[in-house]
Amino acid sequence: MEFQISTDKDKLDIQKVHEEVTATYWGKGRSMEETMLTIENSICFGLYNDKGEQMAYARIMTDGLVFAYIMDVVVFDPNKGKGLGKKLIRHILDRADVRNVNTVALKTIDAHHFYEDLGFKRVGDSKMWMSIDRIKYD
């Protein structure tokens with residue numbers, strides 16, 4: 001399957017992003033204005049097929065050195081289960097402003113195995129927090 005990943009916010013299907021995110025446990029109740037605010041204040045990623053149709057979405061916030069936070073990772077139906085989520089997260093982790101940060105973090109209730117396969121580990125006894133920590137503090 002051919003696909004392209006872009007950070008061009010003008011290409012995002014914002015209505016579809018809003019529908020998909022608000023259908024999740026973490027985005028439930030988010031208004032369209034709130035969805036727009038998250039897009040405006042984040043680095044956003046759309047994964048598109050060869051026809052330009054959006055198939056997945058994720059966003060991050062990072063300072064490029066100390067911390068990066070991955071949020072709102074969604075693969076749109078009927079594209080789930082085809083490995084697109086992993087391709088999208090690998091792409092994000094390989095960005096220069098994420099690749100070298102000390103800590104990349106995210107929260108999940110139900111996708112621990114998915115993220116463990118990508119190098120994330122659970123943080124302490126948290127049921128949700130996961131991270132990739134590249135620096136050890138004494």
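Helices and strands here are DSSP runs, numbered from the N terminus: a helix is a run of H or I of at least four residues, and a strand is a run of E of at least two. The structure described is a predicted model. N79 belongs to the loop between β4 and α3. N79 counts as buried, because its relative accessible area is 11%, under the 20% limit for buried residues. Neighbours within four places in sequence aside, N79 is in contact with M55 and L84.

P78 is found in that loop between β4 and α3 as well. The peptide bond leading from D77 to P78 is cis, with omega near 5°. Most peptide bonds are trans, and most residues other than glycine have a negative phi. D72 is not a glycine, yet has a positive phi of about 50°. D72 lies in strand β4 and is buried, with a relative accessible area of 5%.

## Helices α1 and α2

How do the axes of α1 and α2 cross? Helix α1 covers residues 14-22, and its axis comes within 10 Å of the axis of α2, at a crossing angle of roughly 110°. That angle makes α1 roughly perpendicular to α2, because angles of 65 to 115 degrees count as roughly perpendicular. On the α1 side, the contact is made by I14, Q15, V17 and H18; on the α2 side, by M32, T35, M36 and I39. By class, this contact between α1 and α2 has 5 nonpolar residues, 3 polar residues and no charged residues.

The buried residues of α1 are V17, H18, E20 and V21. Among the elements that cover the buried residues of α1 are α2, β3 and β4.

## T35 in α2

T35 lies in helix α2, which runs over residues 32-40. Is T35 buried or exposed? T35 counts as buried because its relative accessibility is 2%. The side chains of T35 and H18 are joined by a polar contact of 2.6 Å. Not counting residues up to four places away in sequence, T35 touches H18 and R30.

## The nonpolar cores

In soluble globular proteins, nonpolar side chains tend to be buried together. In this model, the largest nonpolar core has 26 residues. Within this core, the residues with the most contacts are I70, I89, I92, V104, Y115 and F120. Which elements each supply at least two residues of this core? These are the strands β2 (43-49), β3 (54-62), β4 (67-75), β5 (103-107) and β7 (129-133), together with helix α3 (84-93). The largest share of the core comes from α3, with 5 residues.

V104 has contacts with A68, I70, L93, V98, F120, M130, S131, I132 and R134, leaving aside neighbours within four places in sequence.

## L88 in α3

L88 lies in helix α3. L88 is buried, since its relative accessible area is 0%. Which residues does L88 touch, not counting those up to four places away in sequence? The list is I5, F45, L47, A56, Y57 and A58. Between L88 and I132 the separation is 44 residues in sequence and 16 Å in space, C-alpha to C-alpha.

E2 sits in the segment before β1 (3-6). With a relative accessibility of 58%, E2 counts as exposed, because the limit for exposed is over 50%. Residues up to four places away in sequence aside, E2 touches Y48, N49 and D50. E2 and G52 are 50 residues apart in sequence, while the distance between them in space is 10 Å, C-alpha to C-alpha.

V66 is placed in the loop between β3 and β4. At 38% relative accessibility, V66 counts as partly exposed. Beyond neighbours within four places in sequence, V66 is in contact with V101, N102 and T103. V66 and N100 are 34 residues apart along the chain, and 8.5 Å separates their C-alpha atoms.

How values were computed: Residues numbered from 1 in each chain as written. Predicted model: local features only at pLDDT ≥ 70, side-chain atom pairs only at ≥ 80, totals over all residues. Heavy atoms only, no water. Buried < 20%, exposed > 50% of the residue type's maximum accessible area, 1.4 Å probe, protein only. Polar contact = N/O pair within 3.5 Å; in protein donor to acceptor, adjacent residues only side chain to side chain. Contact = heavy atoms within 4.5 Å. Core = buried A, V, L, I, M, F, W, Y, C linked by side-chain atoms within 4.5 Å. Axes fitted to C-alpha atoms, helices over the stretch in contact; angles between N-to-C directions. Parallel < 35°, antiparallel > 145°, perpendicular 65-115°, else oblique. Nonpolar A, V, L, I, M, F, W, Y, C, P; charged D, E, K, R; others polar.
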